[in-house]
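Dear colleague,

Please find below the structure that I am handing over to you. I would be grateful if you could look through it before reading my notes.

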Amino acid sequence: MSTLPDPAPEAPSADAPVAKPGRESLHYAVRNPKLIIGVTLVAILLAVGVIGPMLLDNGNPNEYVGPQASAPDGTYWMGTTTFGQDVYAQFVHGLRATFLVGVVGGAIAAVIAMVVGFLAGYRGGVTDEILNMLTNVVLVIPALAVLLIINAYMGVRSVAVQGLFIGLTSWPWAARAIRAQTFSLRTREFVDLARLSGSGTWRIVFREIAPNMSSYLFMTFILLFGGSILIASSLDFIGLGPTEGVSLGLMLQSAQQWSALQLGMWWWFVPPGAGITAIVGALYVANVGLDEVFNPKLRES
Amino acid sequence: MRRYFARKLLIYGLTFVVAVTVNWMIPRFMPGDPVSAMVARARVSQPEAAEAMRTYYNNLFGFDEPLWQQYLHFWGALLQGDFGISIFVFPTPVGDVLLDALPYTLGLMIPAVLLSWFVGNWIGALSARRKVLDNTVLPAGYVLTAMPYMWIAVILAWALGAKAGWFPISGGYSLDIQPGLSADFALDALHHWVLPFLSLFLVALGGWAIGMRNMIIYELESDYSSYLSALGAPQRLIRRYAFRNAVLPQITGLALQLGVLVAGALVTEIVFAYPGLGSLILAAIQNQDFFLLQGAFLFIVIGVLIANFLIDIVYVVVDPRTRTGMAGGTS
């Protein structure tokens, strides 16, 4: 049983059959509404995050450009903050930072989870015992609490550093799931054959085992990506976000700090939260679609 | 079964040692010097006074001893329940400050965690066999899971608090009421509790519902279900078996989610300025109160470990395989 780093215990089950992605998968992929909706939504938001900031003639989203606290209109699409900052400019810059922290955090967590999961699952024995113990220990310590104290002491805060620390703390559930998958694959004939022909551990893992669960690894990465975004937004909100630039979590923090709620300035706190929800939700929906594409058992229902 | 608990206890013991060690290591090995930061914050003009402060803090932290001694002292103090002295509410001991905040956090967390688990599993199990319910629960569940905790808190505070005016949007009780064991205070505290509780409950709900739905569908399609229905067993019986099997991973999931739920409670408390551990941590960060921060970290870890242990006991009661010791080595 694997679990998302956020409250959704519905990661693909460890004993689901694994399939190689190929032409057949593509055939089902373009016909899967969940996958199409999810991917399209993520692509649109990614495009807004990448292109949006370029189209603005102002490089600094935190600059005071407009009237103070005005509701959305033709000039300021998402209104302005109490200080006259353009919420739309902050939003598109924030999207960019959000994607960045997701990629960095998700990639680092995925790499650690793969190394630990493959090694523990393939080698077994004492290696497995030790790595499993390590995984369980990190799993039980609340990641956010560790991130809190590290962040508070570090002082140096950028999106990349934040992503690095999130990656270092959010891998355990994925490592467990990968271990379980590897465990079921390592006794198959083709792995025995490779072992007989004298291949080393890492060669067998990367040439024989990993390709056979590539779809599963990809789905794990997507979940880690979404999880990193949610953790980063919590950290930003607590006031441990990047000290330069803007992110969706920081927007929520300043809206909260300057009483946007009491002043009824909904345009200040609705867009950033909706942006995070849309990205993460679209990722999850796309993930369910992918599961159906790769897993014939789910496809029929 | 003895082996199962021995294993679990070993892991929890190790986790605690690692957590304490991390807690000890971070101020010593991270770039940046907490003592200088605290001295600078005090804005003392005379160099002698600043030096005296530095010595005081170094002594308090124990930075003037050799490392191994510092480590042992840290453990010694901890085992005596000594978390150091808070800087933010000087000179109250950190342990007392945390104990004051603890009831609010527990009062928020325990009902939110348990109720969302029960209601989520119930809705998920229902939706696994009703198409109409399934088509509404699934999308709603995904939206809820994808929402950041603080955003749903902010939206609720805005809609039900600021707009509708039904609930207060900040604090744990009204300022004109003295906290105590009176009916007035209890009612007032309950009134303040509704919104933070609701936001935690709602975000967690979606995940449990989706998880349960998927597990039930998986179980209903498994071999034993087809076998039972081939034998002509009533549908009710098959569903009951499916439910009992599907609930086991959900219990494991509850244990895994605890650490994450702590994070949810922290940010939710900050949104509502609820006087629990989350608000304390925010204050500790803003005031660079490292003792308070470290104490809060250890409190959280101990809380999560105790809760995990309770869930392990529940698991043994519910799953006969762990009782007979047939579950094998994996924990």
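This is a predicted model: local features need pLDDT of at least 70, side-chain atom pairs count only at pLDDT 80 or more; totals for chains, interfaces and linings use all residues.

Residues are numbered from 1 along each chain as its sequence is written, chains are lettered from A and ligands numbered from 1 in the order in which they are written, and side-chain values use heavy atoms, with hydrogens and water left out.

I begin with the spaces. Rolling a probe the size of a water molecule over the atoms shows where empty space is left. On a 1 Å grid over the protein atoms alone, a cavity is a set of points where a 1.4 Å probe fits but cannot get out, and a pocket is an open set with protein on both sides within 12 Å along at least five of seven lines; lining residues have an atom within 4 Å of a point. Points are joined across faces, edges and corners, and a volume is the space filled by probe spheres set on them.

The structure holds 5 cavities of 30 Å³ or more. The second largest cavity has about 90 Å³ of space. Its lining consists of 14 residues, and those closest to the centre are Thr98(A), Val101(A), Ala232(A), Asp236(A) and Ser247(A). Two or more lining residues come from each of the helices H3 (87-123), H6 (159-169), H10 (214-240) and H11 (248-257) of chain A (helices are DSSP runs of H or I, at least four residues, numbered from the N terminus). H10(A) gives the largest share, 4 residues. By type, this lining has 8 nonpolar, 5 polar and 1 charged (Ala, Val, Leu, Ile, Met, Phe, Trp, Tyr, Cys and Pro count as nonpolar, Asp, Glu, Lys and Arg as charged, and the others, Gly among them, as polar).

The second largest pocket has a volume of about 760 Å³. Of its 26 lining residues, Leu106(B), Ile110(B), Leu258(B), Gly303(B) and Ala307(B) lie nearest the centre. Helix H12(B) contributes the largest share of this lining, 10 residues. The lining comprises 24 nonpolar residues, 2 polar and no charged.

Helix H12 of chain B also contains Ile302(B). Ile302(B) belongs to a nonpolar surface patch with Ile306(B), Leu310(B), Ile313(B), Val314(B), Val317(B) and Val318(B), with about 570 Å² of accessible area together. Such patches join nonpolar side chains (Val, Leu, Ile, Met, Phe, Trp, Tyr) within 5 Å, from residues with over 30% relative accessible area and no salt bridge; areas come from the Shrake-Rupley method with a 1.4 Å probe, and for residues only the protein chains shown count as cover.

Finally, the structure holds 6 salt bridges over all chains (a side-chain nitrogen of Lys or Arg within 4 Å of a carboxyl oxygen of Asp or Glu). One of them joins Glu292(A) and Lys34(A) at 2.7 Å, N to O. Glu292(A) in helix H12 and Lys34(A) in helix H2 of chain A are 258 residues apart. Glu292(A) counts as buried, at 19% relative accessibility, and Lys34(A) as partly exposed, at 30% (buried means under 20% relative accessible area, exposed over 50%, partly exposed in between, with a 1.4 Å probe and protein chains only).

In chain B, Arg213(B) and Asp134(B) form a salt bridge, their closest N and O atoms being 2.6 Å apart. Arg213(B) is in helix H8 and Asp134(B) in helix H6, so the pair ties together parts 79 residues apart in sequence. Both Arg213(B) and Asp134(B) are buried.

With kind regards

Note on methods: Patches are made of residues with over 30% relative accessible area and no salt bridge: like charges are joined within 9 Å, nonpolar side chains (Val, Leu, Ile, Met, Phe, Trp, Tyr) within 5 Å.
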